[in-house]
Amino acid sequence: MHMTADAREVSTSASGATATRDIYLPSERKIISGGGTPHVVAKDFSIYYGEFEAVKKVNADILSKYVTAIIGPSGCGKSTYLRAINRMNDLIPSCHTTGALLFDGEDIYGKFTDEVLLRKKIGMVFQKPNPFPKSIFDNIAYGPRLHGINDKKQLSEIVERSLRKAALWDEVSDRLDKNALGLSGGQQQRLCVARTLAVEPEILLLDEPTSALDPKATAKIEDLIQELRGSYTIMIVTHNMQQASRVSDYTMFFYEGVLVEYAPTAQLFTNPKDRMTEDYITGRFS
Amino acid sequence: MNLGTRKILDRSFTAVGFGSIAVMGIALLIVLVPIITNGVGSVFFTGTLEHRKMLFNEFGRGNTEELVKENAVSEVYRQQIYGMLSAFESELETMDAEKKQDYLSKYGPVKTALQTLIGPLPGEAEAILTRYKYGQTRWGKAEEKLHEFLYETKWDFSNPDAMSKEYFVSRATEFEGTSLVKLFPFVEEHLEDVLRPEFTVYWGFLTDSSVDSHIFGGIWPEIQGTFFLAVGAMLFAFPLGVIAAVYFTEYAREGFFNSILRSANSTLAGVPSIVFGLFGLAFFINTLKVSESKSVLAGSLTLAIMILPTIIRAAEEAILSVPKTYKEASLSLGSTKWNTIMTVILPAALPGIITGGVISLGRAAGETAPIIFTAAVSVGSAIGLADVFSSPTPALSWNIYNLASEHEAAAEIRHVQYGMVLSLVSIVLLLNLSAILLRARISKKLKG
Ligand SMILES: Nc1ncnc2c1ncn2[C@@H]1O[C@H](COP(=O)(O)OP(=O)(O)OP(=O)(O)O)[C@@H](O)[C@H]1O
Ligand SMILES: [Mg+2]
C-alpha cells in the first residue's frame, strides 16, 4: 500500500498507483508552482531499535515545497521516522532500518551515501532549542564555516539573510556578538531555524519545534513556517492538532509505528477515512 | 518514625557533619600555621653580618662600603675575643703538663662552639666547606648557638629506671681561675656587636642557588626543577589523556576490549606512586634508554604515566557532561564527527578538562616517589632548558624529604625545609586557584 497524500488516493485505497495527480489544498492555500514532486520517498521502510520495530513498513511520498505534518500519540514513532530522514538515528547504535528511503531518488541508507552531505541538505530543528554556547553570529555562521565559507563579509551576509528569513533579525541585529544562550526560548528556537537555514538545506525537519514555547513564541514559529512554505520542503512533528491544521498542507497520522492515514490536511481533519484517525483527532485517545 | 525522632535524627546528623568539618578545619590549621609562619621565616628573618658577608662573597650582592664599615665595628669586638683566646693559650704554656692536658680537652669544644657562633678564628687553615667559612647567619640560630657556647650539655644517668636527664653546666665555671673566664660574659654581652643582627628580607631565597647543599643560599634549582618536571609531565599526559578520553566517549564501541581498557585505566589510577617510580626506572631509563641515567625527561614521562588516568577520567566526565543536544545540532548542520568534537564538544568540555589537568599538574608537582629513581638529585644547580633530556634536577618534593631525613645538617637548616614546603604548597594552591578562576571564566563565557 503506497500512500501519496492526494485528494483522490487516500490511505484506505488499495491501489498503489502513483500517477501525477492534482494537488488538493484548502481553498485559501496557494498551489506552489514547481512543488509537489516526491522529495522523500519511503518504500516498505521500517526502523528498528534492536528487535523492536518502532516504525513499520511505511510507504509514502513527501512532496517537495509543501508542509507535511506528522501527528500521532506519544511513542508512535514520529520522531523516529523524522530522524531517519537525515540519519540522526545513526547516533543510536541499536537503530537500524529495512526497506528503502529515497531522497531525490537516492537511497538515504545506501552504502555510498555520505551522511554528512545528506544532513547538509536536510536540516533539522529539535524539540528543545539547542543553540551552541557561542555568540549569535557564530551560531549562524557555524554551518557555513563548516562548509568552507570563511570570508567575513560573506558570512555577515549569510547571517543577516538567515536571521531575516527566521524573522529574528530585528530583535538581535544589535547584539550579534552576545551569547545565544541569553535569548528567550522562542528566540532561541528561531535562531535554531536560522542556523539550519544558513546551510541552505532543501528539507527542513521540525520535531515538535514549539512544544517548549509559550503561545506567542509558538505563533511566531508558525508564521515563520508559513513564510518558508514554498521555498523548502518542510516536515513538522506536532502534538497540537490546531497547529497541524494551521500550518500544514498534508498530514500523516502514525499509530504504533504504522502510518495509518496520509492525506491533505483539510481532508484528514474534516473527513478522515480511517476510524483510528477519527478517534485521535476528535480526542478520544491521545 | 514519628516527627520527634525524625527531627532529633536530622539534628544529630547535622551536628555530626558540622563537627567533622570543624575537626578537619582545625587539623588543617594546625598543619598550615607552622608551615606558613616558619616558611615565611626563610625569607623574612633577623639576619646577621655573617649573612650579609655570605651574600657578598657568594652572590656578589650588597654595598661594599657599608659592609666594610660594619665589619670594622664588628672587628673591634672580635679582636678582643681573639685577644682573650691567645692570652689563654699563652697561659696554658705556663701550666704543668697534666693540668694543661685537662684544660686543653675542655678548651677544644669551647673553640669549636665559638667558631660555630662567629665564624673562623684566626690562625686556622681556611675551611674547605663553605659552611665553616661563616658564623651564624640567622640571629635566632645564633642565640641557640650562644647557649651551646655558654653551657655544656650533660646527661644524668643516675637513675637507672628512668630516661637519662639533660642538664647544663656553665663552661665559665670550668675555667674558674684562668684568664678565659672573662670570655664567656664578654661574648654573651657583645654578641650583637659582633654579629650585628638586622631585619632582613631575603627574596633571594626563592631565586638563588643553594650554597654548600642548602646550608646557605636559596631553592631556585628546586623550584625550577619542580616546574620542569610538572610541565613536562603535562606536555605528555594532557594531549594523550584528552585524546584517550575522546576515544572512550566518542569512538569506542561498548565491548570486551573497551571494558578491559576502562578497568585498566581505573586500576592505574590506584597504583601507588612508588610503583610508578620503579616502573619509570625500569622502562624509560633501563629499557627505552630515553636518557643515560636520571633525567628530567625520564621523570616527566614517569609522572605523565602516573597522572594520565586522572586526566583521562576528568576529561571523560567533562565530555560526557556536554549536553547531547550540542552534538545533535552540530551533526544536523552537516558537520563531521571530528569537526563536532573539535568545534563543539571539546570547547564546551574545556572547563572540566582544564580543572582535571591542573589538579593533575599539582599532583605531579607534589609527588616524590616517581622521581626518586628517575629524575631527582638532592643537590645541584638549576639546569638549562636544553639539559632536560639528559640532566637530573633537584625538585621541591624530593628535597623536602631529603632535608627532613637524610641531610647531614638537617637540624641546622629547618628554615630551608619549611621554605621549600611553603613554596610547594603555594605552587600547588596557586595552580588549583588558577584552575578555579580559569574554569569560572570559561564557564561564564559559555553561559553568556
Ligand atoms: N533510543 C531508543 N532506544 C530504544 N527504543 C527507543 C529509542 N527511542 C525511541 N524508542 C522507542 O521507539 C518508539 C517510538 O519513539 P519515538 O520517539 O519515535 O516516539 P514519538 O512518536 O516521537 O513520541 P513523542 O510524541 O513522545 O515524542 C517508542 O516506543 C520508544 O520507546
Ligand atoms: Mg518525539
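Figure 1. A polar backbone atom of Gly75(A) is 2.8 Å from a ligand 1 oxygen. For a backbone N or O atom of Gly77(A), the distance to an oxygen atom of ligand 1 is 3.1 Å. Polar contacts are pairs of N or O atoms within 3.5 Å; within protein, one must be able to donate a hydrogen and the other to accept it, and sequence-adjacent residues count only if both atoms are side-chain atoms. Ligand 1 alone exposes 630 Å², and the protein buries 63% of that (Shrake-Rupley accessible areas, 1.4 Å probe; for residues, only the protein chains shown count as cover).

Numbering runs from 1 along each chain as its sequence is written, with chains lettered from A and ligands numbered from 1 in the order written. In this predicted model, local features need pLDDT of at least 70 and side-chain atom pairs pLDDT 80 or more, while totals for chains, interfaces and linings use all residues; side-chain values use heavy atoms, without hydrogens and water.

**Figure 2. The shell around ligand 1.** The shell holds 13 residues, each with a heavy atom within 4 Å of the ligand. The closest are Ser74(A), Lys78(A), Ser79(A), Thr80(A) and His239(A). H1(A) gives the largest share, 3 residues. Helices (H or I, at least four residues) and strands (E, at least two) are DSSP runs numbered from the N terminus. By class, the shell has 5 nonpolar, 6 polar and 2 charged residues. Nonpolar means Ala, Val, Leu, Ile, Met, Phe, Trp, Tyr, Cys and Pro; charged means Asp, Glu, Lys and Arg; the others, Gly among them, are polar.

**Figure 3. The interface of chain A and chain B.** Here 24 residues of chain A contact 20 residues of chain B (heavy atoms within 4.5 Å). The two chains bury about 1,900 Å² between them, with 64% of it on carbon and sulfur atoms. Buried area is the accessible area (1.4 Å probe) lost on putting two parts together, summed over both. In chain A, the residues losing the most area to chain B are Leu91(A), Pro133(A) and Tyr142(A), together 26% of what that side buries.

**Figure 4. The salt bridge between chain A and chain B.** The rule finds 1 salt bridge across this interface: a side-chain nitrogen of Lys or Arg within 4 Å of a carboxyl oxygen of Asp or Glu. Arg83(A) pairs with Glu328(B), their closest N and O atoms 3.0 Å apart.

**Figure 5. A salt bridge within chain B.** Glu50(B) and Arg78(B) bring N and O atoms to 2.9 Å. Glu50(B) belongs to helix H2 (residues 49-59) and Arg78(B) to helix H3 (residues 64-94) of chain B, so the pair ties together parts 28 residues apart in sequence.
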